[in-house]
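Here is a short tour to read with the sequence and the 3D view open side by side.

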Amino acid sequence: MGDCVLDLCCGRGDLAFHLSEKVGSNGGNVSNFDFSKEQLFMASSRQHLLAKAYCKSIEWVEGEATDVPFPDCYFDAIPIRYGFRKCGG
């Protein structure tokens, strides 16, 4: 089984597509989490346009970065490309 990765605050999914190319081709999956429906819609649309086999390993989840609906230690890696800027505090 491949790696399980979460792209936190994924936005348009730029990093997700790169990650899925690496882990999706090895049986892994990439979950992408963002609070913006519009960004997730844009990312999902791009996924369908790419229509690559590794893109099937991508899922899009809406929600707040401070309250992710996944259990502890579920992911092998959690990159945050833009999240620190978005979450502020």
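## Aromatic pairs

This is a predicted model, and a search of the whole structure finds five aromatic pairs. Phe 70 and Phe 75 make up one of them, an edge-to-face pair with 4.9 Å from centre to centre and 80 degrees between the planes. Both partners are on the inside: Phe 70 is buried, and so is Phe 75.

Phe 75 has another partner to look at, since Tyr 74 and Phe 75 also form an edge-to-face pair, with 4.8 Å centre to centre and 85 degrees between the planes. How do the two residues of this pair stand in relative accessible area? Tyr 74 has 41% and is partly exposed, while Phe 75 has 13%, and because the cut-off for buried is under 20%, Phe 75 counts as buried. Stepping back, Phe 33, Phe 70, Tyr 74 and Phe 75 form one aromatic cluster.

## The layout of the chain

The protein chain has three helices and three strands. Followed along the sequence, these elements come in the pattern β-α-β-α-β-α. Of the 89 residues in the chain, 42% count as buried.

## Salt bridges around Asp 14

Now for the charged side chains. The side chains of Asp 14 and Arg 12 meet in a salt bridge, at 3.4 Å from N to O. Asp 14 also forms a salt bridge with Arg 46, where the closest N and O atoms are 2.7 Å apart. Asp 14 lies in helix α1 (residues 14–23) and Arg 46 in helix α2 (residues 37–50), so this pair ties together parts that are 32 residues apart in sequence.

Are these residues buried, exposed or partly exposed? Asp 14 is partly exposed, with a relative accessible area of 27%. Arg 12 counts as partly exposed at 38% relative accessibility, and Arg 46 counts as partly exposed at 27%. Through salt bridges that share partners, Arg 12, Asp 14 and Arg 46 are joined into one network.

## A negative patch on the surface

Which residues gather in a patch of negative charge on the surface? They are Glu 38, Glu 62, Glu 64 and Asp 67. To find Asp 67 in the view, look at the loop between β3 (58–62) and α3 (83–87). Asp 67 has a relative accessible area of 58%, and because exposed means over 50%, Asp 67 counts as exposed.

## Two cysteines with positive phi

Most residues other than glycine have a negative phi. Cys 9 has a positive phi of about 60 degrees, although it is not a glycine. Cys 9 lies in the loop between β1 (4–8) and α1, and Cys 9 is buried, with a relative accessible area of 7%.

Cys 73 is found in the loop between β3 and α3. In its setting, Cys 73 is exposed, with a relative accessible area of 80%.

## Separations across the sequence

Val 5 is found in strand β1 and is buried, with a relative accessible area of 5%. Val 5 and Tyr 74 are 69 residues apart along the chain, and their C-alpha atoms are separated by 8.8 Å. Tyr 74 is the partly exposed residue that pairs edge-to-face with Phe 75.

For the other pair, turn to Gly 13, which lies in the loop between β1 and α1. Gly 13 counts as buried, at 0% relative accessibility. How far apart are the C-alpha atoms of Gly 13 and Ile 58? They are separated by 9.7 Å, although these residues are 45 residues apart along the chain.

Notes
Residues numbered from 1 in each chain as written. Predicted model: local features only at pLDDT ≥ 70, side-chain atom pairs only at ≥ 80, totals over all residues. Heavy atoms only, no water. Phe/Tyr/Trp six-rings, centres within 6.5 Å; stacked < 30°, edge-to-face > 60°. Buried < 20%, exposed > 50% of the residue type's maximum accessible area, 1.4 Å probe, protein only. Patch = residues over 30% accessible without salt bridge, like charges linked within 9 Å, V, L, I, M, F, W, Y side chains within 5 Å. Areas by Shrake-Rupley, 256 points an atom, 1.4 Å probe, with all protein chains shown as cover. Salt bridge = Lys/Arg side-chain N within 4 Å of Asp/Glu carboxyl O. Lys, Arg positive; Asp, Glu negative; His and termini not counted. Charge placed at Lys NZ, Arg CZ, Asp CG, Glu CD. Helix = DSSP H or I, 4+ residues; strand = E, 2+ residues; numbered from the N terminus.
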